[in-house]
Amino acid sequence: MAIQLLVTDEDLVPQGDPLGDWTDLDVTTRFNEPASGSVTLPAYPATMAQLQAGRRLVVIRDKQVWCAGPMEIPQDLSYGVGTEGEAPPGRVTVNFTDDLARPAGYLTWPAPASAWTAQPATARQILNTNAETIIRQLVTENCGPAARTDRRIPNFALAAAAGVGTTTSVNTRFEGLLATCRRVAIDGGGLGFRTRQTSMGIEFEVYQPADRTKTARFSEGLGNLRSLTYKQSAPTVTHALVTGSDQVTPRAYIEVADTAAAATWWRVEQLVNGSADNDAAGELTQDGTEAAPARRRPVA
């Protein structure tokens with residue numbers, strides 16, 4: 001397996017030769033969340049010149065872009081003479097993420113096309129719509145091609161629709177954009193979403209994760225398992241007690257329960273402030289499902 005590291009600017013333009021002599025490359029990709037990675041390498045002047053604020057690190061594996069995104073800590077330098085630290089030229093550690101971190105920094109505006117000073121007191125509602133369509137709409141209107149100019153992420157576009165997901169609804173107001181998308185993804189068929197760097201730019205795509213529980217096998221004997229840690233623990237919540245807005249009379253109360261987990265372990269309640277006035281479109285149930293992890297649709 002051949003791995004190459006490349007630094008680009010926000011426009012995906014390489015800023016120099018691939019980084020050489022790196023060590024301790026560690027990348028963790030996450031489902032519906034930004035990845036996290038770090039790499040340590042000699043602090044040569046040419047290397048330090050590339051590691052600047054606002055730039056991206058691209059991990060290329062077997063000539064294919066595997067993980068790419070902003071450098072969150074472009075320079076964590078250690079240098080010293082003798083026993084004082086790393087010998088010249090020193091060592092620099094870079095912490096980076098993938099491009100999903102960019103939309104993760106946005107909130108859901110009630111009126112995305114309006115200025116901040118013109119935001120209404122209402123919430124952004126999309127009712128009885130395909131989950132993939134909702135996620136794509138939330139992303140494009142808040143930070144994608146359809147967003148206000150000052151909120152658009154450069155070189156960021158939506159991939160072709162995959163035609164996945166079931167019908168659901170969303171009611172959101174100044175929530176984290178990805179948190180809202182995760183809520184819709186859970187209720188709309190257990191969908192996944194991610195970013196990919198292509199020759200044209202950065203694409204956001206929604207997909208249906210493959211269920212590999214019957215085919216994926218890992219073991220020491222197969223030679224594909226280096227280590228394993230396992231922990232069994234009690235549920236943090238089995239009964240999500242969801243309330244609607246206190247501005248509506250009578251106030252809505254919805255209970256979302258994982259009775260199987262409660263029977264195996266015990267009942268654990270959690271109060272959840274719902275995102276809607278009522279459960280007419282299933283939005284309060286959606287909030288409760290997100291709060292009770294065991295109720296979420298399994299994803300492989």
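Helix α3 keeps much of itself out of view: Ala 131, Glu 132, Ile 134, Ile 135, Arg 136, Leu 138, Val 139, Thr 140, Glu 141 and Asn 142 are buried. That makes ten of the twelve residues of α3. Please keep in mind that this is a predicted model.

**Helix α3**
- The buried residues of α3 pack against the strands β7 (124–130), β8 (156–158), β9 (167–172), β10 (192–197) and β11 (202–207), and against helix α4 (177–187).
- The length of α3 (residues 131–142) agrees with expectation, because twelve residues at 1.5 Å a residue should span 16 Å and the C-alpha atoms at its ends are 17 Å apart.

**Helix α4**
- Helix α4 is largely enclosed by the rest of the structure, because nine of its eleven residues are buried.
- Those buried residues are Leu 177, Leu 178, Thr 180, Cys 181, Arg 183, Val 184, Ala 185, Ile 186 and Asp 187.
- Their cover includes α2, α3 and α6 (283–291), along with strands β3 (33–42), β9 and β10.
- After α4 comes Gly 189, with a positive phi near 110°.

- Met 71 sits in strand β5 and is buried, at 6% relative accessible area.
- Beyond its neighbours within four places in sequence, Met 71 is in contact with Val 7, Gln 50, Leu 51, Gln 52, Arg 55, Arg 56, Leu 57, Val 94, Asn 95 and Phe 96.
- Met 71 and Gly 54 are 17 residues apart along the chain, and their C-alpha atoms are separated by 7.1 Å.
- Asp 99 belongs to the loop between β6 and α2, and counts as buried because its relative accessibility is 3%, below the 20% cut-off.
- Setting aside neighbours within four places in sequence, the contacts of Asp 99 are Arg 56, Ala 68, Gly 69, Pro 70, Thr 195 and Ile 202.
- Pro 110 is placed in the loop between α2 (101–104) and β7, where it is buried with a relative accessible area of 8%.
- Not counting residues up to four places away in sequence, Pro 110 touches Gln 119, Pro 120, Thr 122, Ala 123, Arg 124, Arg 173 and Phe 174.
- From Pro 110 to Lys 214 there are 104 residues in sequence and 43 Å in space, C-alpha to C-alpha.

**Backbone details to look for**
- Most residues other than glycine have a negative phi, and most peptide bonds are trans.
- Asn 128, in strand β7, has a positive phi near 50° and is exposed, with 58% relative accessible area.
- Phe 174 also has a positive phi, near 55°; this residue lies in the loop between β9 and α4 and counts as partly exposed at 27% relative accessibility.
- Thr 249 and Pro 250 are joined by a cis peptide bond, with omega about -5°, and Pro 250 is in the loop between β12 (239–243) and β13 (253–257).

- Leu 77, Tyr 79 and Val 81 together make a nonpolar surface patch of about 330 Å².
- Within this trio, Tyr 79 is located in the loop between β5 (64–78) and β6 (91–96), and it counts as partly exposed at 49% relative accessibility.

Note on methods:
Residues numbered from 1 in each chain as written. Predicted model: local features only at pLDDT ≥ 70, side-chain atom pairs only at ≥ 80, totals over all residues. Heavy atoms only, no water. Patch = residues over 30% accessible without salt bridge, like charges linked within 9 Å, V, L, I, M, F, W, Y side chains within 5 Å. Areas by Shrake-Rupley, 256 points an atom, 1.4 Å probe, with all protein chains shown as cover. Salt bridge = Lys/Arg side-chain N within 4 Å of Asp/Glu carboxyl O. Helix = DSSP H or I, 4+ residues; strand = E, 2+ residues; numbered from the N terminus. Buried < 20%, exposed > 50% of the residue type's maximum accessible area, 1.4 Å probe, protein only. Expected span 1.5 Å × (residues − 1). Contact = heavy atoms within 4.5 Å.
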